[in-house]
Amino acid sequence: MPLSTNPKVSKTLMQLTWIVGGIGFWNAFNSIGSGDVESATQWISAWAVGGVGLLSFVRHAVFHRSDAKRMGWDYGARNDFQLEVGFANLAWGAVAIAGIYQGWDTQTLGCLVLVVGIYMLQAAVLHLLELKEAKNPRYGSKIASTAYAVCLFWFGIKAFSG
């Protein structure tokens, strides 16, 4: 049975991704406000890297045709680039969940958050550069993705530096 190509499926997954990431950031910012870098790093790692990574894998790789239609990238064939992005999301999502489960320290989790932050910042720059030529620019998505990347990078630096 083929998986749905309806863009509403990936839109729902995308919205769920923002909710899961938002839970992580909300609690991490609350923790950081109390001076608790360790708790903040755990929230970011578990939710904004782990949960978001796993959901993004499902959206990009499992429902890749639905996601391609949602983003206006439907070429009528499998998009291997999109699958690769999904696999990257699965890798860091699974490692973040494993790290939380294994009780990794703040600096180790911070390194993981920093890696994802660096990746996401690079992707955000590419997406911002393509705005000039985009037929459907989706400004809100670009701004949200950039803010997500900057926050991940910042939390990664904060956790890594102890």
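The model is predicted, so a local feature needs a pLDDT of at least 70 and side-chain atom pairs count only at pLDDT 80 or more, while totals for chains, interfaces and linings use all residues. Residues are numbered from 1 along each chain as its sequence is written, and side-chain values use heavy atoms, with hydrogens and water left out.

## Helix packing

Two packed helices are described by the angle between their axes and the distance between the axes. Helices here are DSSP runs (H or I, at least four residues), numbered from the N terminus. Their axes are lines fitted to C-alpha atoms over the stretch in contact, and the angles run from 0 to 180 degrees between N-to-C directions.

| Helix pair | Angle between axes | Axis distance |
|---|---|---|
| α2 (residues 37-62) and α4 (residues 80-102) | about 150° | 7 Å |
| α4 and α5 (residues 106-129) | roughly 160° | within 10 Å |
| α2 and α6 (residues 139-160) | roughly 140° | within 10 Å |

Let's start with α2 and α4, whose axes are 7 Å apart at an angle of about 150°. That angle makes α2 roughly antiparallel to α4. For the wording, angles under 35 degrees count as roughly parallel, over 145 as roughly antiparallel, 65 to 115 as roughly perpendicular, and the rest as oblique. α2 passes α4 in a left-handed crossing, a label used if the near helix is turned anticlockwise from the far one by less than a right angle. Sorted by class, the residues of this contact come out as 14 nonpolar, eleven polar and no charged. In that sorting, Ala, Val, Leu, Ile, Met, Phe, Trp, Tyr, Cys and Pro are nonpolar, Asp, Glu, Lys and Arg are charged, and the others, Gly among them, are polar.

On the α4 side, Val85, Trp92, Val95, Ala96, Gly99 and Ile100 meet Leu109, Leu112, Val116, Tyr119 and Met120 of α5; contact means heavy atoms within 4.5 Å. The contact of α4 with α5 has ten nonpolar, one polar and no charged residues.

Then there is α2 with α6, where the axes cross at roughly 140°. This makes α2 oblique to α6, and the crossing is left-handed. From α2, the contact takes in Val37, Ala40, Thr41, Ile44, Ala48, Val49 and Val52, and α6 brings Tyr148, Leu152, Phe155, Lys158 and Ala159. By class, ten residues in the contact of α2 with α6 are nonpolar, one is polar and one is charged.

## Aromatic rings

The structure holds ten aromatic pairs. Rings of Phe, Tyr and Trp (its six-membered ring) pair if their centres lie within 6.5 Å. Trp18, Phe25, Phe29, Tyr148, Trp154 and Phe155 are linked by ring pairs into a cluster. Two of these names, Tyr148 and Phe155, also turn up in the contact of α6 with α2.

## A few residues up close

Buried means under 20% relative accessible area, exposed means over 50%, and partly exposed is in between (1.4 Å probe, protein chains only).

Thr41 lies in helix α2 and counts as buried at 4% relative accessibility. Leaving out residues up to four places away in sequence, Thr41 touches Thr106, Leu109, Gly110 and Ala159.

Ser56 is also placed in α2, and with a relative accessible area of 3% Ser56 is buried. Beyond four places in sequence, Ser56 touches Thr17, Ala61 and Asn89. Ser56 and Gly93 are 37 residues apart in sequence, yet their C-alpha atoms are 8.9 Å apart in space.

Further along α2 we find Arg59, which is buried with a relative accessible area of 4%. Setting aside neighbours within four places in sequence, Arg59 is in contact with Ser10, Leu13, Met14, Thr17, His64, Asp67 and Arg70.

Over in helix α5 sits Leu112, buried at 12% relative accessibility. Leu112 touches Val49, Trp92, Val95 and Ala96, again not counting residues up to four places away. From Leu112 to Val62, 50 residues apart in sequence, the C-alpha atoms are 24 Å apart.

Finally, Gly35 is in the loop between α1 (7-33) and α2, and at 57% relative accessibility Gly35 counts as exposed.

Terms used. Phe/Tyr/Trp six-rings, centres within 6.5 Å; stacked < 30°, edge-to-face > 60°. Helix = DSSP H or I, 4+ residues; strand = E, 2+ residues; numbered from the N terminus.
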